[in-house]
Amino acid sequence: TNAVGESFKVTKFKYYVSNFVVTNTSGVAYTVPQDSCYFLIDESDAASRKPQLSLPEGEYKTLTFTVGVDSLRNTKDISERTGVLDPAGTASDMYWGWNSGYIFMKFEGTSPAITAMGGAFMYHIGGFGGYSSPSPNNIKVITVDLTARGTAKVKQGKSANIHLMADALKIVNGTTNISFATLNMVHAIAPGVPLANNYINMFSHDHTEN
């Protein structure tokens with residue numbers, strides 16, 4: 001149930017995370033090579049919820065990443081947008097051909113508060129600032145502090161599992177409390193701004209397994 005008292009059910013929840021940077025306990029940052037850090041999380045696909053990063057040995061206190069796809073990659077030649085970024089493949093339903101840009105997040109479902117469209121809501125949020133004319137930029141950078149619930153200790157031959165929680169309710173509750181009855185469709189950049197400003201607070205660190 002959202003902040004304005006409307007119940008809802010989620011049927012699709014997909015989003016990009018990318019451009020990972022980790023900072024060790026000495027304050028030194030390591031940027032994961034860009035070609036190795038684009039992931040499409042599909043909450044209906046358990047395997048997609050476990051992106052893997054290759055990091056140097058060290059103890060890491062913060063994790064920074066982008067929700068969405070950065071402007072540079074959005075505008076690169078299609079030959080440099082492969083795998084989860086391939087608009088003709090995995091990214092086929094996460095790309096606005098008319099706007100030549102990626103949909104950063106898809107959040108869909110139903111709510112009895114909606115009287116049209118069979119009670120469905122569809123929030124498709126994207127927008128990297130555009131090619132030339134001013135346009136909203138919905139790229140969000142998230143930094144998660146790992147110190148309170150377990151730093152990540154990466155060692156040769158051993159992995160560290162950082163467990164993050166994604167609270168879908170915060171997409172519609174936050175700086176702007178979204179009403180499904182008032183807004184049930186978002187398929188353009190500007191209407192997605194309030195939702196993007198909300199989901200910047202969606203992630204939290206639960207624990208780390210070393």
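How many aromatic pairs does a search of the whole structure find? The search finds 15. The model is predicted, and local features need pLDDT of at least 70, side-chain atom pairs count only at pLDDT 80 or more, and totals for chains, interfaces and linings use all residues. Residues are numbered from 1 along each chain as its sequence is written, and side-chain values use heavy atoms, with hydrogens and water left out.

**View 1. Phe-8 and Phe-107 form an edge-to-face aromatic pair.** The centres are 6.4 Å apart, with 75° between the planes. Rings of Phe, Tyr and Trp (its six-membered ring) pair if their centres lie within 6.5 Å; planes under 30 degrees apart count as stacked, over 60 as edge-to-face and the rest as tilted. Phe-8 sits in the segment before strand E1 (9–24) and Phe-107 in strand E6 (residues 101–110), so the pair ties together parts 99 residues apart in sequence. Strands (E, at least two residues) are DSSP runs, numbered from the N terminus. Phe-107 is buried, at 0% relative accessible area; buried means under 20%, exposed over 50% and partly exposed in between, with a 1.4 Å probe and protein chains only.

**View 2. Tyr-16 and Tyr-102 form an edge-to-face pair.** Their ring centres are 5.8 Å apart and their planes lie at 75°. Tyr-16 belongs to strand E1 and Tyr-102 to strand E6, 86 residues apart. Tyr-16 is buried at 0% relative accessibility, and Tyr-102 is buried at 1%.

**View 3. Phe-65 belongs to the largest nonpolar core.** A nonpolar core is a set of buried Ala, Val, Leu, Ile, Met, Phe, Trp, Tyr and Cys residues joined through side-chain atoms within 4.5 Å. This core has 50 residues, of which Phe-65, Tyr-123, Ile-171 and Tyr-199 touch the most other members. E1 supplies the largest share, 6 residues. Not counting residues up to four places away in sequence, Phe-65 is in contact (heavy atoms within 4.5 Å) with residues including Val-17, Phe-20, Leu-164 and Phe-203. Ring pairs also link Phe-65 into a cluster with, among them, Phe-20, Tyr-123 and Phe-203.

**View 4. Strand E1 pairs with E6 in the antiparallel sense.** Two strands pair if DSSP finds at least two bridges between them. E1 and E6 are joined by 6 bridges, with Lys-9 opposite Thr-110. E1 also runs antiparallel to strand E3 (residues 38–42), over 5 bridges; here Val-17 stands opposite Phe-39.

**View 5. A hairpin joins E1 and E2.** There are 4 residues between the strands, and Gly-27 takes a positive phi near 90°. E1 and E2 (residues 29–31) are antiparallel over 3 bridges, and Val-21 stands opposite Thr-31.
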